[in-house]
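Here is a short report on one protein chain. Keep the sequence and the model side by side as you read.

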Amino acid sequence: MPPSPERLTAPVRALPGRRWLLPSAVVAELDPDTDRRDRSGRPRRTLRDWIVDFGFFLLAIVIGLAAANTLTHDPNTPHGLAVTDQWLGALACAAVWLRRRLPLGLAVAMVPVGLVSNTAGGAGMVALFTLAVHRPFKYVGWLAGVSLALIPVFFWLRPDPDLPYAAAVGVTALLTATVVGWGMFVRSKRQLMLSLRERARRAETEAALRAEQAQRLAREAIAREMHDVLAHRLTLLSVHAGALEFRPDASREEVARAAGVIRESAHEALQDLREIIGVLRAGDSDDAGRPLPTLAALDALVAESRSAGMKVVLDNRVADPAAVPASVGRTAYRIAQEALTNARKHAPGAEVTVTVRGAVGDGLTVTVRNPAPPGDVPRVPGSGQGLIGLTERATLAGGRLEHGAEEDGGFRVRAWLPWAG
């Protein structure tokens, strides 16, 4: 199953005491369902946010006080302009607390205020930095460009008493570019962290989907194996039980032989079922008690069918069945087993011919054919599912399987499997 939202936000939920280390905007992105929001729906400030905001507020005040001290000793600045400058600077410093709520509005307002007030320079830098952190580059580029264009105008109208015009313009422009670059770096770092977190979420979801798909494929493989194995055994049980039911006058030898086949088939069915359960528990077919059948076990399969009363002719033209690869031989065995089971159910009493031929490089061909049944046979419910499984099994092995009725009323199953050198 895909991971739940609670699992996806585990890194944030797992460290509730360290949530204060992250900015509130990052916490809101990592944990969108958090209840730490104010009435307006904005994420509440974390302890880190309060520390950073208070630090920026103090920085704006320190820069404003330094500029106010310069104004006090500047004989070219009138007293009224100095008082207005300081009042605007104080209001700008107080407005720093709005930088998270209104980053764009505060940055736009600081442009004309910074042109008039020298003490609002620190607040203007903080507003520009906040804009670079919280808004895309198109807003930052416009505001930074306007600020850089107004720097020469500002120092032309209000020269710095301690620095030449070119030096003052250069230092302020460099400081502005540094603040913008720092803000963009912080924004890119946050976006990288969020993108890595989103990539981890997708990877976790994809891993869960792959695990689910692997489980589904394993279930389908086990279901095919159970069908191929148990259907053969249970068909033998049904045939002999039906013979005992409809022939109550059978001799003791025939009854004993049928009972022996029923007992042996039930025992083999239990053994096969135990092997499949062992695969389910261990997760590896190599842990099964008995080896899986290969092409060399085809003679035993035909002999078992003959003992059940079927007429089976085996034409095995493979010189060395043990040389056939295990996976190919196992697939061929299952195809012959299912075809014999179908012939026993749908054409009882008909002679079945099993032909196996092939060589290295040419592939292995398995053909199972039976003529039309000698009498009417009632339709068996659920017919056709085994042939669908055989077709899929042959396809997974890299081969192909064909089946269908023939003109004389018989039925043929023909499969070709690759046999590489």
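Glu338 counts as buried because its relative accessibility is 1%. Buried here means under 20% relative accessible area, exposed means over 50%, and partly exposed lies in between, with a 1.4 Å probe and protein chains only. Glu338 is found in helix α12, residues 326-346. Helices (H or I, at least four residues) and strands (E, at least two) are DSSP runs, numbered from the N terminus. Glu338 and Val368 lie 30 residues apart in sequence, and their C-alpha atoms are 9.8 Å apart in space.

This is a predicted model, in which local features need pLDDT of at least 70 and side-chain atom pairs count only at pLDDT 80 or more, while totals for chains, interfaces and linings use all residues. Residues are numbered from 1 along each chain as its sequence is written, and side-chain values use heavy atoms, with hydrogens and water left out.

## The chain as a whole

The chain has 13 helices and five strands. Of its 421 residues, 36% count as buried. Take the contacts in the chain with a separation of 6 or more: residues 24 or more positions apart account for 70% of them. Contact means heavy atoms within 4.5 Å.

## The sheet

The five strands form an open sheet in the order β1-β2-β3-β5-β4. The pairing is mixed. Two strands pair if DSSP finds at least two bridges between them. β1 (311-316) and β4 (400-405) stand at the edges with a single partner strand each, so one side of each has no neighbour in the sheet. From one strand to the next, the twist averages 10°. Helix α11 (residues 298-307) lies across β1 and β2 and runs at about 165° to β1. Axes are lines fitted to C-alpha atoms, for helices over the stretch in contact, and angles run from 0 to 180 degrees between N-to-C directions.

Strand β3 (residues 363-370) is mostly covered, with seven of its eight residues buried. Seven bridges join β3 to strand β2 (residues 351-359), and the two run antiparallel. Thr355 stands opposite Thr367 of β3. The two strands form a hairpin with three residues between them. In that turn, Gly361 has a positive phi of about 90°. Strand β5 (residues 411-417) is also antiparallel to β3, again through seven bridges. Here Thr365 faces Trp416, and Thr367 has Arg414 as its bridge partner.

## Helix α4 and its partner

Helix α4 (residues 47-72) has 26 residues. From first C-alpha to last it reaches 37 Å, close to the 38 Å expected at 1.5 Å a residue. The expected span is 1.5 Å times one less than the number of residues. Its buried residues include Asp49, Asp53, Phe56, Phe57 and Leu71.

α4 and α7 pack at an angle of about 145°, with their axes 7 Å apart. Phe56, Ala60 and Ile63 of α4 meet Gly122, Ala123, Val126 and Phe129 of α7. By class, this contact has six nonpolar residues, one polar and no charged. Ala, Val, Leu, Ile, Met, Phe, Trp, Tyr, Cys and Pro count as nonpolar, Asp, Glu, Lys and Arg as charged, and the others, Gly among them, as polar.

## α6 against α7

Helix α6 (residues 103-116) and helix α7 (residues 121-134) pack at about 145°, with their axes 9 Å apart. The contact residues of α6 are Pro103, Leu104, Leu106, Ala107 and Met110. Those of α7 are Ala123, Gly124, Ala127, Thr130, Leu131 and His134. They divide into eight nonpolar, three polar and no charged.

Is Asp85 buried or exposed? Asp85 is buried, with a relative accessible area of 1%. This residue is found in helix α5, residues 79-95. Leaving aside neighbours within four places in sequence, Asp85 is in contact with Leu71, Val116, Ser117, Asn118, Thr119 and Arg158.

Gly398 is partly exposed, with a relative accessible area of 47%. It is found in the loop between α13 (385-396) and β4. Not counting residues up to four places away in sequence, Gly398 touches Trp416 and Pro418. Gly398 and Pro418 are 20 residues apart along the chain, and 6.4 Å separates their C-alpha atoms.
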